[in-house]
Amino acid sequence: MDHFDLRDGVLHAEDVPLSLIAEEVGTPVYVYSTATIERHVHVFREALAGVADPWIAFAVKANPNRAVLATLARLGLGADVVSGGELLRARAAGLAAEKIVFSGVGKTADEMALALREGIGQFNLESEPEAEMLSAVATSLGVTAPVAFRINPNVDAGTHAKISTGKSEDKFGVAYDRALAAYELARNLPGLRVQGVAVHIGSQLTDLAPSRAAFEKVGLLIAELRANGHEITTADLGGGLGVPYDPSLPLPPSPAAYGEMVRDVTAGWNVRLVFEPGRVIVGNAGILLSRVVRVKQGSADPFVIVDAAMNDLLRPSLYDAWHHIRAVVPRGPSFTANIVGPICESGDTFAKKRPMDQVEPGDLVAFMTAGAYGATMANTYNSRPLTPEVMVSETNWAIVRNRQPIEMLIAADDLPPWLDEEAA
Ligand code: LLP
């Protein structure tokens, strides 16, 4: 459920007409709904009722805007970060260090030192050499790092190959059959304090069975580790719960169904459960607002050329992802169209042969469910400055990231002395 609804014939974000935001800020622009974010946090928490003191660490990569993170910090969430940059952004938004988990296969020594100085709650280690490096960094700083190993359970998450992470051929985690040895190694590393087990098998999961299979393996491992004398106090079940994108498809499992499965599998584990939801918290809370530049005749269906492009919302061209496209002021009839951006490659296509609200040049369209992995994956290809972001709360709205002026892009490059006429 979201808070983007038609009122008096105009699509609104909460109580604010999207046409007003387009007038004032220009397009393309991302628009986030505070009420939707709050609702999703509430629904996720409710779904985990009965789980003692769940540690909900929002996957910052899904949407690292400081206003979004500050909204989540107010609601008491923690963060799952995967870089020093994400860690600093989370801290700048007021997220408590002890509620931060650090994931990722390539943490550098500098990033480890930063996280240790900040005092984060857990490092999810993805390999034995990483454990050795973290121990050395922690020892040099005179501290001990709280760690879990991320286990690769070798289950097929059944999602898009590019966002599937739990098969043995994927780069993530320590193979399940090497796990006991990895924990044995960690036990003898002076800079580490082993506290948990972690798993994350992929994103946009629309079936609970693979997650259940992965969690069952985590349960078995916890028992074996305890039998070997390890003290295990946390189990991080990762993120991945899918959200509805295409209204014509069956709904993905609800947070309530996910919570029920979690309670069932983890009964008796006697650990603090950690969750790393990203998409399910912010996915439906954001849209990308864009204006139709022109409509061009195609060989079959027309091309609707909008002012947003693959650099602003990469998911359709990268994963063939489906985003619902709505007219902000629907004219009534629908038609079938190809929705494309202005970038010079055919991959800059948002939808092919899409039945949708009829639109004409100058009309506004909204790409729905763009709050997760939207603005965060934007880039400046074709020298298109980064898209601004707006946050709405009831009747209030504010720009939470300004449109990047093209001068910033130009000024970011330097000339070598032999081309710099001013320096000569
Ligand atoms: N934890 C870890 C260790 C992760 O790698 C991820 C996502 C999450 C949690 C959060 O997953 P979520 O709850 O959002 O599914 N750019 C892709 C998605 C990449 C997901 C990467 N990892 C997309 O646009 O679909």
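Helices (H or I, at least four residues) and strands (E, at least two) are DSSP runs, numbered from the N terminus. By that definition the chain has twelve helices and 21 strands. The radius of gyration, taken over C-alpha atoms, is 23 Å, close to the 22 Å that the globule rule gives for 424 residues, so the chain is as compact as a globular protein of that length. The globule rule is 2.2 Å times the number of residues to the power 0.38.

This is a predicted model, in which local features need pLDDT of at least 70 and side-chain atom pairs count only at pLDDT 80 or more, while totals for chains, interfaces and linings use all residues. Residues are numbered from 1 along each chain as its sequence is written.

Along the principal axes, the C-alpha atoms fill a box of roughly 70 × 65 × 40 Å. Of the 424 residues, 47% count as buried, meaning that 20 or more other C-beta atoms, placed from the backbone, lie within 10 Å of the residue's own. Two residues are in contact if their C-beta atoms, placed from the backbone, lie within 7 Å. Among contacts with a separation of 6 or more, 70% are between residues 24 or more positions apart.

The domain assignment, which is automatic or from a database, gives domain 1 (4-31 + 283-411) and domain 2 (34-281). Their C-alpha centres lie 32 Å apart. Where the two touch, 21 residues of domain 1 are in contact with 20 residues of domain 2. On the domain 1 side, β20 and β21 (396-401) are the elements that give two or more residues, and β20 gives the largest share, four residues.

Helix α2 (residues 34-47) has 14 residues. At 1.5 Å a residue (times one less than the number of residues) α2 should span 20 Å, and its end C-alpha atoms are 20 Å apart, which agrees. T34, T36, I37, H40, V41, F44 and A47 of α2 are buried. Their cover includes β4 (29-33), β5 (55-59), α3 (66-74), α9 (255-266), α10 and β20 (389-393).

The ligand has 21 residues around it, of which A59, S203, G239, G278 and Y373 come nearest. Domain 1 and domain 2 each give at least three residues to this shell. α10 (279-282) and α11 (315-319) each supply at least two. The shell divides into nine nonpolar, eight polar and four charged residues; Ala, Val, Leu, Ile, Met, Phe, Trp, Tyr, Cys and Pro count as nonpolar, Asp, Glu, Lys and Arg as charged, and the others, Gly among them, as polar.

How values were computed
Near = placed C-beta within 6 Å. Buried ≥ 20, exposed ≤ 12 C-beta atoms within 10 Å, placed from the backbone.
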